[in-house]
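Please open the model in your viewer and keep the sequence panel beside it. The stops below say what to select and what is there.

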Amino acid sequence: MTSRRSFESVRSGEGRPLEARSVVATVSRWAMLVGVTLVPWIELRGSIPLGLAWNLPWYGVALVAVAANVLVFVPTYAALALLYDRWLSRTFVRALVERARRRGQPLIARHGTWGLALFVAVPLPGTGAYSGTALAFLLGLPANRAFGAVAAGVVLAGMVVTLVSTGVLAGVRSLM
């Protein structure tokens, strides 16, 4: 009789089993949102519209996507430094990296870290946190300055993508 009641409560929509399922579905959507944000070339440019399509709150989607995308910097920069120091510094790649750093110094002097932030902020594929981190490493920016620039660019990109995805910019344009 007990098993019959629990089956009936699940079928009728009453009881905890269905509530637990909805919590798991919500948590798994947030986890998938973070996973999509961590995919290179997609990043928050794909995860914010996806989260909004899942009817998740826009402020939570923007916050989670920006935070996950900013945190990409740390392992990416560390991996590039480790890879370069351990293996690539002994090969012809060292000469290429040094040449790129010499050529990039005038760009850094002229545009500073704001140039890198604007590069990351452009909401197009290939200009996100991964590419910005690689560019910062290639140009020889110190990690703390590079992190600030990449984080600022990701925040700007997150704002633009959220505004476009929620239709705010379309609404403002229709008023003009």
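## Trp-41 and helix 3

Begin with Trp-41, which is exposed because its relative accessible area is 58%. This is a predicted model. Trp-41 sits in the loop that runs between helix 2 (16-37) and helix 3. Although Trp-41 is not a glycine, its phi is positive, about 75°. Most residues other than glycine have a negative phi.

Next select Glu-43, which is in helix 3. Glu-43, not a glycine, has a positive phi of about 50°. With a relative accessible area of 3%, Glu-43 is buried; the cut-off for that class is under 20%.

Now extend the selection to residues 43-53, which make up helix 3. Its buried residues are Glu-43, Leu-44, Arg-45, Ser-47, Ile-48, Gly-51 and Leu-52. Just after helix 3, pick Asn-55, where phi is again positive, at about 65°.

## The whole chain

Zoom out and show the chain as a cartoon. It contains 9 helices and 0 strands, in the order α-α-α-α-α-α-α-α-α along the sequence. The chain has 176 residues, of which 32% count as buried. If you draw the contacts between residues at least 6 apart in sequence, 70% of them join residues at least 24 apart.

## Helix 4 against helix 8

Select residues 58-71 for helix 4 and residues 143-166 for helix 8. How do their axes lie? They come within 9 Å of each other and cross at roughly 150°. An angle over 145 degrees counts as roughly antiparallel, and helix 4 and helix 8 are therefore roughly antiparallel to each other. Their crossing is right-handed.

Show side chains at this contact. On helix 4, pick Trp-58, Ala-62, Val-66, Asn-69 and Val-70. They meet Phe-147, Ala-151, Val-154, Val-155, Gly-158, Thr-162 and Thr-166 on helix 8. Coloured by class, the contact of helix 4 with helix 8 shows 8 nonpolar residues, 4 polar residues and no charged ones.

## The aromatic rings

Keep Phe-147 selected and display the aromatic rings. The structure holds 5 aromatic pairs. One of them is Phe-73 with Phe-147, an edge-to-face pair at 5.4 Å centre to centre, with 65° between the planes. Phe-73 belongs to helix 5 (residues 73-86) and Phe-147 to helix 8, so this pair ties together parts that are 74 residues apart in sequence. Phe-147 counts as partly exposed, at 32% relative accessibility.

Then move to Tyr-84 and Phe-137, which also form an edge-to-face pair: 5.8 Å centre to centre, 75° between the planes. Tyr-84 lies in helix 5 and Phe-137 in helix 7 (residues 129-139), 53 residues apart, and the pair thus links distant parts of the chain. Tyr-84 has a relative accessible area of 7% and is therefore buried. Phe-137 is buried as well, with a relative accessible area of 11%.

Select Phe-73, Tyr-77, Tyr-84, Phe-137 and Phe-147 together: ring pairs link these residues into a cluster.

## Thr-76

Stay on helix 5 and select Thr-76, which is in that helix. Thr-76 counts as buried because its relative accessibility is 15%. What does Thr-76 touch, not counting residues up to four places away in sequence? The answer is Tyr-130 and Thr-133.

## Helix 6 against helix 7

For the last stop, select helix 6 (residues 92-121) together with helix 7. Their axes come within 7 Å and cross at roughly 135°. That makes helix 6 oblique to helix 7. The crossing is left-handed.

On helix 6, show Val-97, Ala-100, Arg-101, Gly-104, Gln-105, Ile-108, Leu-116, Phe-119 and Val-120. Facing them on helix 7, the residues they meet are Ala-129, Ser-131, Gly-132, Leu-135, Ala-136, Phe-137, Leu-138 and Leu-139. By class, this contact of helix 6 with helix 7 divides into 12 nonpolar, 4 polar and 1 charged.

Terms used:
Residues are numbered from 1 along each chain as its sequence is written. This is a predicted model: local features need pLDDT of at least 70, side-chain atom pairs count only at pLDDT 80 or more; totals for chains, interfaces and linings use all residues. Side-chain values use heavy atoms; hydrogens and water are left out. Buried means under 20% relative accessible area, exposed over 50%, partly exposed in between (1.4 Å probe, protein chains only). Helices (H or I, at least four residues) and strands (E, at least two) are DSSP runs, numbered from the N terminus. Axes are lines fitted to C-alpha atoms, for helices over the stretch in contact, and angles run from 0 to 180 degrees between N-to-C directions. Angles under 35 degrees count as roughly parallel, over 145 as roughly antiparallel, 65 to 115 as roughly perpendicular and the rest as oblique. A crossing is left-handed if the near helix is turned anticlockwise from the far one by less than a right angle, and right-handed if clockwise. Contact means heavy atoms within 4.5 Å. Ala, Val, Leu, Ile, Met, Phe, Trp, Tyr, Cys and Pro count as nonpolar, Asp, Glu, Lys and Arg as charged, and the others, Gly among them, as polar. Rings of Phe, Tyr and Trp (its six-membered ring) pair if their centres lie within 6.5 Å; planes under 30 degrees apart count as stacked, over 60 as edge-to-face and the rest as tilted.
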